[in-house]
Each structure stands twice: as structure tokens, then as C-alpha cells.
Amino acid sequence: ARFPSEAFAAIKASRLLSMMIDPAHGGGGADLGQVAQVCAVLSKACASTGMIFAMHQIKLSSLISHGDNDWHRAFLRRISAEQLLLASATTETGIGGDLRNSICAVEIDGDTARLTKDATVISYGEEADAILVTCRSNPAAPSSDQVMVVALKDQYTLERTVGWDTLGMRGTRSEGFLFRSAFPAVQILGKPFAEIAAQSMLANCHILWSAIWLGIANGAVAKAQAFVRAEVKKKPDSRPPGMLRLAEVSNMLHLMRANIQEAIDAFRRAQGKPEELNSVSFAVAMNNVKLASSRMLVDVVNHALLICGIAGYRNDTPFSLGRYLRDAHSAPLMISNDRIFANQGNLLLMSKLDTRID
């Protein structure tokens, strides 16, 4: 239940925090598929580490795609050089996790901007080097007229309002804070947040989160496979009951991987095409990858638990699945599947079902 500092020391030493940034700005030039693979590998060992890494990359993708002035480009170079960690403040007291609405508003006075936000969640807020915050574009703007601002660590204060004592994902330290900041107005991203959300955040968020859940599933199934192998080794002529379930869960893993790969391919095809990224059909596809992956993960870990039996249920065996099980149950809750299904129903009234195979 603490920030995984050792993991992030290794991540920074490997320069993974800048892997998505263009080499011209000192980064690794990786694409979304490569970042998703790293998320899966990290999450097989520690889902909190994988989630923090993914949230950093999601914020970074918005900055890469929509940073539109010299300050933003210089900040990308600084992230690469110093391996800075980005966090996010999109939730707010009064609206909960409704990403597309804000109560707080940025106030601009000459070259200076000020913002106060009562954020219900800022994951790893105290460890971040900068926070990307959503807010109304001005005090008179409607709740849906939003912008995203970049605030550096020495430009804001955090007053903790909500703790983080949960079943799983404990290392993300997703506490609530009263965020107060003053910063140069040039740090505000020029595009409306609605475009940022549709063109970069939606796909990056749902694909990278799904990769995390695939990593958890991979870890649980690896333990189940090791358990069955140990049983067969003890009795070479036996066919333990877990063998059938192992075959079933392998099939479920295949479906999870295929679901994520299809979404990555769809995003690659849509990149550079704002009309496609903003389309209803693209939003439906990206929502579907999150819904399917988060639901399948719980089933996969439950299957692994049935295979390992009491050895998986206990915390003191090599086959313990307690951490995987606790982390898995966060998946349908981040962002709530019920909320996405409700939105998906509305979108499907405006869109034809996609029945293409290729």
C-alpha cells in the first residue's frame, strides 16, 4: 500500500517514461502497441506499477498529440531528459468520474493562470513531477467547455482530502486532494479537451488499461500452469482435473489478446484522421475493448483459482492468487462498466453495427 518506488527507479533508469516521445525530443519513438506490451509485462509482476506507468503514458499521449506551442515541446524534451512522471486530475467533487464535465475553472490574468480543483482522485499525486488537470476554460463557461492544463510540481500545492485503503491496486495511492495552482497561461493546451479526449485519451486509456488486465491474467494463468505441471510431475500417469480448465483459460487469454490487438490496429488505422477518431463507430470500438477486457479478466483469475484450489486461495504458497484476484476486481470499476454500457447504448442508436471481419 505504498508507491512502488523501486520499480520506478528501474523504469526511469531504462528511460521508459519517455518511450512514446519522438526521438527528436529525446524519446524512444515507441508506438502504442509497444507501450501496451510494457504495461502487460509490468502488470504480470505488479499491477499497481503497470497502472501508474499506463496513466503516465496516457497523459503523455495527450501532450504529444495536442501540445501546440514551444513550451509544450520544451517540456517533452525535459520529460525525456529528466524522466519526469506525469499524473492526472480529471475527477472532481460534485461530478465524480464524469470525465467530460468540470466544475472548477481556470482564471487567466495576463500571462498568469490560476486554478483550484477539489479532485476526488489524483493517483500517485505526491510522487508525480507534473499533473495534467481538466477544468472549464473560464469561469463563465459551461461545464462541458473544458481545457487541459499542465502544472509542474513547484507550481501547485496538494491538500489530502481522501485516503486510499482498498482491496487491490493499493500501490497507485489514488488519494483525493484539494489542488491549488498558479502557472504561466502558456501551459494550457490550446485544443478543447473534448478533442483531446476523443483523439488521444479514449484509445490510449482503454487499450493500455486492457493491457494491464492482460498482464494480470497472464500472471494468474502462469501460476495455474505451474500448479498443473507440479501435479503431473508428482503423478506422471495422472491427468489432474485442472488440465481441462487450463485449456479453457488459455482460450480466454487468446480472446483477451485478440481483443486488444484489434483495438491497437484500429487506432493505428485512424491516426492522423481526426474525422475517424471523432466518429461514433471509433468510440464504440474503444469502449468495447475496455468492457470486454475488464469482464474477461475476472473470469480468467477465477478460473486460475479453481485450478490451483486451496493452494491459490492461501497467501503462503507459491501459487497464491490473492493479489491477482484483488487487483482484477478493480477493472470493471475503473471507469465504471455500468456508466460505459449506458453511454454505449446511446452511441449505438446513432451508429450501424460493425460486422466486418477484415
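Which residues is Asp-327 in contact with, leaving aside its neighbours within four places in sequence? Asp-327 is in contact with Ala-47, Gly-168, Met-169 and Ile-216, where contact means heavy atoms within 4.5 Å.

A note for every view: this is a predicted model, so local features need pLDDT of at least 70 and side-chain atom pairs count only at pLDDT 80 or more, while totals for chains, interfaces and linings use all residues. Residues are numbered from 1 along each chain as its sequence is written, and side-chain values use heavy atoms, with hydrogens and water left out.

**View A. Asp-327 sits in helix α10 (residues 322-328).** Helices here are DSSP runs of H or I with at least four residues, strands are runs of E with at least two, and both are numbered from the N terminus. Asp-327 counts as buried because its relative accessibility is 5%; the cut-offs are under 20% relative accessible area for buried, over 50% for exposed, and partly exposed in between, with a 1.4 Å probe and protein chains only. Val-298 is 29 residues away from Asp-327 along the chain, and their C-alpha atoms are separated by 9.4 Å.

**View B. Ala-151 is part of strand β5 (residues 146-152).** With 0% relative accessibility, Ala-151 counts as buried. Setting aside neighbours within four places in sequence, Ala-151 is in contact with Ala-130, Ile-131, Tyr-156, Phe-179, Ser-181 and Gln-187. Pick out Ser-181 from that group: Ala-151 and Ser-181 are 30 residues apart in sequence, yet 7.2 Å apart in space, C-alpha to C-alpha.

**View C. The largest nonpolar core has 110 residues.** A nonpolar core is a set of buried Ala, Val, Leu, Ile, Met, Phe, Trp, Tyr and Cys residues joined through side-chain atoms within 4.5 Å. Phe-53 and Ile-207 have the most contacts inside this core. Helix α5 (residues 193-234) supplies the largest share of the core, 21 residues. Not counting residues up to four places away in sequence, Ile-207 touches Leu-32, Ala-36, Ile-260, Ala-263, Ile-264, Phe-267 and Met-286. As background, nonpolar side chains tend to be buried together in soluble globular proteins.

**View D. The largest pocket holds about 1400 Å³ of space.** A pocket is found on a 1 Å grid over the protein atoms alone: it is an open set of points where a 1.4 Å probe fits, with protein on both sides within 12 Å along at least five of seven lines, and lining residues have an atom within 4 Å of a point. Grid points are joined across faces, edges and corners, and the volume is the space filled by probe spheres set on them. Of the 49 lining residues, Gly-97, Leu-99, Cys-205, Trp-209 and Ile-335 lie nearest the centre of the largest pocket. Helix α5 gives the most to this lining, with eight residues. By class, the lining has 25 nonpolar, 19 polar and five charged residues; Ala, Val, Leu, Ile, Met, Phe, Trp, Tyr, Cys and Pro count as nonpolar, Asp, Glu, Lys and Arg as charged, and the others, Gly among them, as polar.

**View E. The second largest pocket holds about 780 Å³ of space.** Its lining has 26 residues, and the closest to the centre are Glu-262, Arg-269, Ala-285, Asp-354 and Arg-356. The elements that give two or more residues to this lining are α6 (242-270), α8 and α11, and α6 gives the most, with eight. Sorted by class, the lining of the second largest pocket has 11 nonpolar, seven polar and eight charged residues.

**View F. The disulfide count comes to zero.** The rule asks for a pair of cysteine sulfur atoms within 2.5 Å. For Cys-46, the nearest cysteine sulfur is that of Cys-39, 12 Å away. Cys-205 is in no disulfide either, and the nearest cysteine sulfur, again that of Cys-39, is 11 Å away. Cys-46 counts as buried at 14% relative accessibility, and Cys-205 counts as buried at 9%.

**View G. Arg-173 has a positive phi of about 50°, although it is not a glycine.** Arg-173 lies in the loop between β6 (156-162) and β7 (174-184), and counts as buried at 17% relative accessibility.
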